[in-house]
Structure formats: structure tokens, C-alpha cells
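Hi everyone, thanks for coming. Please take a look at the structure on the screen, and I'll walk you through a few of its charged and nonpolar side chains.

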Amino acid sequence: ILQGGCASRPGMAHTNIISRRLNRECINLGFSGNAFLDLEVAKVIAEVEASVFVLDFVPNASVAKMKERMETFYRIIRSKHPDTPVIFIEDPIFTHSRFDKRVAREVKAKNETIAAIFQSMKKTGEKNIYLLSSKDIIGHDGEATVDGIHFTDLGFMRYAEVLYPLIKKHIR
């Protein structure tokens, strides 16, 4: 989600909208379709001092990758930041999933997987982790994307409006 390629200008990507609202720097590590939970990336992220970490990999990572790497990815970051809030985000319900049942099943499976892994971590005592549901994250009118996937300015604004309060609530 983070690459922001379809925003009309850089300031309209949701990370920049949130940065302005919080009056804080947001470090955007968007990988343009390549957020596959590579553990080397987690090691780089773990070197960053942050008030909150937002992990938004689900649109790119497969169910198999999430099962294989999500918890390890998280633990690498957590090992260096034991008290920093970590927010996981489900896959948005993209416009084309209403018409493409294969995509709808894929999104559903990914969201069920992240939720199950998240709940498992909570049950084992993980604290200061949060899961943002994709339920209303970009609206339901089909206007939030350019092509059914990539956000327009409106999509980024809606995404920021849902994510901002959660970040603000948990930020140090």
C-alpha cells in the first residue's frame, strides 16, 4: 500500500497525510508490490527508532509467506523494541474483489490468516500489538482506487482517516 504511485502528488499518500496530522516524521518503507516479509527488511526496520511500527504487508504477501514469516518478522522488530506499539493491517477489500471471486477468496484467506496469527500471538501474551480491520478502510463506493487496487487521493485520504486515530492513540 505504501508506495503511493497513484496519488496526484507525494503529499497525498496516506503516510504523508498522517505525518502532517501528527506533526511527526513517517518513514515510508513501501516496496511497490514487493512486501514479502523478507527477514532482512525486518532487521533494517528494527534499527529504526520509532514511536509505532505499522506493518502493512498483506496485499503483497501470500498466505504461505505469512504463515512462514509473519511471526518471525515481528519478533525481529520486537527484540529491539519490546514496548513499541506494532499495528498490523488487513488487506483492504478492493473494488474488483466484488466481481472477481478468485480475488475475493484470496483477500478473505489472507485476512483470516493475519487475524489467526495475530490472535495466536495475543494468546501467548504479546502486548502492545493491534490489528486494523479492513472492513471500512477505503469505503464501498468503488471510488478509492484507480484500477481496483491502487489508491487514488480519495483512497489514501480514507485510509489515513481510519489509520490516523489508531496511530495517535498508541503513539508515545
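**Salt bridges and a nonpolar patch**

Let's begin in helix 3, where E71 and R75 both sit, four residues apart, or about one turn of the helix. One thing to keep in mind: this is a predicted model. The side chains of E71 and R75 form a salt bridge, and their closest N and O atoms are 2.7 Å apart. E71 is partly exposed, because its relative accessibility is 31%, and R75 is also partly exposed, at 32%.

How many salt bridges does a search of the whole structure find? It finds ten. Another one of them joins E47 and K80, at 2.5 Å from N to O. This pair links distant parts of the chain: E47 is in the loop between helix 2 and strand 1, while K80 is in helix 3, 33 residues away. E47 counts as exposed because its relative accessibility is 53%, whereas K80, at 48%, counts as partly exposed.

Now for R69, which forms a salt bridge with E68, with 3.5 Å between the closest N and O atoms. Is R69 buried or exposed? It counts as buried, because its relative accessibility is 17% and the cut-off for buried is under 20%.

I27, L29 and F31 form a nonpolar patch on the surface, with about 260 Å² of accessible area together. I27 belongs to the loop between helix 1 and helix 2, and it is exposed, with a relative accessible area of 53%.

Note on methods
Residues numbered from 1 in each chain as written. Predicted model: local features only at pLDDT ≥ 70, side-chain atom pairs only at ≥ 80, totals over all residues. Heavy atoms only, no water. Patch = residues over 30% accessible without salt bridge, like charges linked within 9 Å, V, L, I, M, F, W, Y side chains within 5 Å. Areas by Shrake-Rupley, 256 points an atom, 1.4 Å probe, with all protein chains shown as cover. Salt bridge = Lys/Arg side-chain N within 4 Å of Asp/Glu carboxyl O. Helix = DSSP H or I, 4+ residues; strand = E, 2+ residues; numbered from the N terminus. Buried < 20%, exposed > 50% of the residue type's maximum accessible area, 1.4 Å probe, protein only.
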